[in-house]
Amino acid sequence: MPTVTEPDPQSTSSHMMKTTKRGRPYLKDTLDLFATLIVSLQLGPHKQFFRTFPHSFTTDEAAQNLASLKFSQSNRGPDPREPSRIVTTTTTTTFSMTRDMAKAMCQHFMDARLIENATDPTSNLFKDRGTYQLTPKGLHVLERFISKNGINADHLQPVFSSQPICIKLLHLERRSSDDEIIVTQSVITALFRRFVGRAPNYPPPPDK
């Protein structure tokens, strides 16, 4: 799995990305890594099969950036030594992985419907030589990540303005110990309401 390095002023620690018992990376790590990758890329036109695909990236570009990817997150809060002062703490996380691991991670992004094959959206295989674009779900996750972390992503504005984005996405709470969804009655009700919709999906019987 990818190696995660989190430096601080005193020391630098490295650890493997946490995975579930099924071998899947934790959801938060997956979404953070995905969004960090997209922010680091210069999405642009790529040609394949005599067609040009805007706001896309290639396998090589993704693998190259995932080989050494940095993400800085700043949080404002009271100074522990002087609570009346507000200080900004910045944490930088570095992801590093081999090309094969980068491809496996991108396959995981495809399985999560965050990216799709630009030349064949029905394909669910991340290929060694391919061109990829963000899905509406991927754009939603990216926008949420940028807004939450206050990231300057002006270079992505053309993507947001030209591609459809998922407006509503149901975020389910997960256990921190194993990343399993916390199933409660309210969660079941919310899911059921999403499935059935706001109105009946069949016409009422005709009046006799």
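The following legends describe close-up views of a predicted model of a single chain.

**Figure 1. Overall architecture of the chain.** The predicted chain contains 6 helices and 8 strands. From the N terminus on, these elements follow the order β-β-α-β-β-α-β-β-α-β-β-α-α-α. Taken along the principal axes, the C-alpha atoms fill a box of roughly 80 × 50 × 35 Å. Of the 208 residues, 36% are buried. The accessible surface of the chain amounts to about 13500 Å², and carbon and sulfur atoms contribute 54% of this area. Among contacts with a separation of 6 or more, 55% are between residues 24 or more positions apart.

**Figure 2. Packing of helix α1 against helix α3.** Two packed helices are described by the angle between their axes and the distance between the axes. For α1 (residues 27-40) and α3 (residues 99-111), the angle is about 105 degrees and the axes lie 11 Å apart. This value falls within the range of 65 to 115 degrees, and the two helices are therefore roughly perpendicular to each other. On the α1 side, the contact is made by T30, L33, F34 and L37, and on the α3 side by M105, H108 and F109.

**Figure 3. Packing of helix α1 against helix α4.** Helix α1 also packs with α4 (residues 136-149), at an angle of about 85 degrees and with an axis separation of 9 Å. The pair α1 and α4 is therefore roughly perpendicular as well. Seven residues of α1 are shown at this contact, namely L31, D32, F34, A35, T36, I38 and V39. Their partners in α4 are G138, V141, L142, F145 and I146.

**Figure 4. Salt bridge between R24 and D179.** Side chains of opposite charge can pair when their charged atoms come close. The side chains of R24 and D179 meet in a salt bridge, with an N to O distance of 3.0 Å. The pair links distant parts of the chain: R24 belongs to the loop between β2 (12-16) and α1, D179 belongs to the loop between α5 and α6, and the two are 155 residues apart. R24 is partly exposed, with a relative accessible area of 24%. D179, at 5% relative accessibility, counts as buried, because the limit for a buried residue is under 20%. In the chain, the count of salt bridges comes to 11.

**Figure 5. Salt bridge between R99 and D60.** The side chains of R99 and D60 form a salt bridge with an N to O distance of 2.9 Å. This pair links helix α3, which holds R99, to helix α2 (residues 59-66), which holds D60, across 39 residues. R99 is partly exposed at 32% relative accessibility, and D60 is partly exposed at 34%.

Figure 6. K103 forms a salt bridge with D128, and their closest N and O atoms are 3.2 Å apart. K103 lies in helix α3, whereas D128 lies in the loop between β7 (115-117) and β8 (131-134), so that the pair links distant parts of the chain, 25 residues apart. K103 counts as partly exposed at 23% relative accessibility, and D128 counts as partly exposed at 32%. A network of salt bridges links D60, R99, K103, D128 and R129.

**Figure 7. Nonpolar surface patch around I181.** Residues I181, V183 and I188 make a nonpolar surface patch of about 250 Å². I181 is placed in the loop between α5 (157-162) and α6 (185-196). With a relative accessible area of 32%, I181 is partly exposed.

Figure 8. F50 is a residue other than glycine with a positive phi, near 65 degrees. The loop between β3 (44-48) and β4 (51-58) contains F50, which counts as exposed at 91% relative accessibility. H55 likewise has a positive phi, of about 50 degrees, although it is not a glycine. H55 is found in strand β4 and counts as buried at 18% relative accessibility.

Key
Residues numbered from 1 in each chain as written. Predicted model: local features only at pLDDT ≥ 70, side-chain atom pairs only at ≥ 80, totals over all residues. Heavy atoms only, no water. Patch = residues over 30% accessible without salt bridge, like charges linked within 9 Å, V, L, I, M, F, W, Y side chains within 5 Å. Areas by Shrake-Rupley, 256 points an atom, 1.4 Å probe, with all protein chains shown as cover. Salt bridge = Lys/Arg side-chain N within 4 Å of Asp/Glu carboxyl O. Helix = DSSP H or I, 4+ residues; strand = E, 2+ residues; numbered from the N terminus. Buried < 20%, exposed > 50% of the residue type's maximum accessible area, 1.4 Å probe, protein only. Axes fitted to C-alpha atoms, helices over the stretch in contact; angles between N-to-C directions. Parallel < 35°, antiparallel > 145°, perpendicular 65-115°, else oblique. Contact = heavy atoms within 4.5 Å.
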